[in-house]
Amino acid sequence: MNVYYFLGKGGVGKTTVSAAWSVGLAKKGLKTLVASIDPAHNLGDAFATPISDRIMPIDSHLDAVEVNIEEMIRAYLNELSTKMKNTYRYLSAMNIDRYFDILKNSPGIEEYATMEAIKRLIALRNYDAVVFDTPPTGMMIRVLAMPPVSLVWTEQLIKMRKRILSTMGMVERVQGKFEAEVDGEKVVLSSSEKEDPIMQELLSYREELRALRYMLSSDYSYVNIVTMAEDLALFETKRIIKLLDGFKIKVRNIFLNKFFEIKNPPDEIKGKIEEQEKVIEKMKTEIKGIEIKDIPLLRKSPRGIDELFNIYSKYLA
């Protein structure tokens, strides 16, 4: 299964390009899912049909969904809460529940929920392709950085847990295993890594992060940038490429959107067209090994399957 991500700042046309791309794949006969993970959803507008947070068919071979990030945060925290309660039952007197009200507003929780949404949609495995319309650049870069960055933290936590278990082992040899009674049930803590639920959870999470990191850097992952022919946009595009390269994530295509393509332009926009031409020349000179595709400024925004497919056929394919 190929996975496509369309990155870019707000307003550059990520939704239109990702929607058109998904229509093009579906028209080729590939079973395709297009998913908006941007909290400010516009995917339904692009397809000119209401799209919900439940996967729904919108054309032959094409399904769509607008992920409810707030709901994903709640689901993520509920799942985390259940795991914490089971793992730390012997600490029930500390009333762990109250910490989750704080967690839902903590920095990074939205990014974790977004990555969880990506992971769950890819795990469906009943599609040939999944296309993601992403949130603005800053947040999406943090999302893509989460697996490798979290992996560093997890490795350190595993080392710390090993030291704790080693200390517990020394105490066990003198006093025996620690036992506690929780809700009438005896809980026994062990210094063995195989019997320690915390260590097993950390090891499982490490494997999950490794799989995500591999998935993002594999040949089946297509990260694309949607941008515009402006100096600031060129600077941001180069910055995205450099940041992602640091995480071994390769950018496949750059879609240069809303480009003026006018014969005999009026004097009022000649300066703008000259600026665009200079930016395009700089982009093709300074960015190597990435295909750049031009999408001109259209008379009106495409809406619906037919108009989106026309965009794909003319400019994206």
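Predicted model: local features only at pLDDT ≥ 70, side-chain atom pairs only at ≥ 80, totals over all residues.

Mentor: Helix α5 (residues 109-122) packs against helix α7 (residues 197-217) at an angle of about 75 degrees, and their axes are 12 Å apart. That makes α5 roughly perpendicular to α7. On the α5 side, the contact is made by Tyr-112, Met-115, Lys-119 and Ile-122. From α7 come Tyr-205, Glu-208, Leu-212, Met-215 and Leu-216. By class, the contact residues are seven nonpolar, no polar and two charged.

Now the aromatic rings. The count comes to eight aromatic pairs. Tyr-4 and Tyr-222 form one that is stacked, at 4.9 Å centre to centre and 25 degrees between the planes. Tyr-4 sits in strand β1 (residues 2-7) and Tyr-222 in strand β8 (residues 221-228), so this pair ties together parts 218 residues apart in sequence. Tyr-4 is buried, with a relative accessible area of 8%. Tyr-222 is partly exposed, at 22%.

Phe-6 and Phe-255 form a tilted pair: the ring centres are 5.9 Å apart and the planes are at 40 degrees. Phe-6 belongs to β1 and Phe-255 to strand β9 (residues 251-259), so the pair ties together parts 249 residues apart in sequence. Phe-6 and Phe-255 are buried.

Trp-21 is one of the buried residues of helix α1. That helix (residues 14-27) spans 20 Å from its first C-alpha to its last, close to the 20 Å expected. It is mostly covered, with 12 of its 14 residues buried. Gly-29 follows α1, with a positive phi near 95 degrees.

Key. Residues numbered from 1 in each chain as written. Heavy atoms only, no water. Axes fitted to C-alpha atoms, helices over the stretch in contact; angles between N-to-C directions. Helix = DSSP H or I, 4+ residues; strand = E, 2+ residues; numbered from the N terminus. Parallel < 35°, antiparallel > 145°, perpendicular 65-115°, else oblique. Contact = heavy atoms within 4.5 Å. Nonpolar A, V, L, I, M, F, W, Y, C, P; charged D, E, K, R; others polar. Expected span 1.5 Å × (residues − 1). Buried < 20%, exposed > 50% of the residue type's maximum accessible area, 1.4 Å probe, protein only. Phe/Tyr/Trp six-rings, centres within 6.5 Å; stacked < 30°, edge-to-face > 60°.
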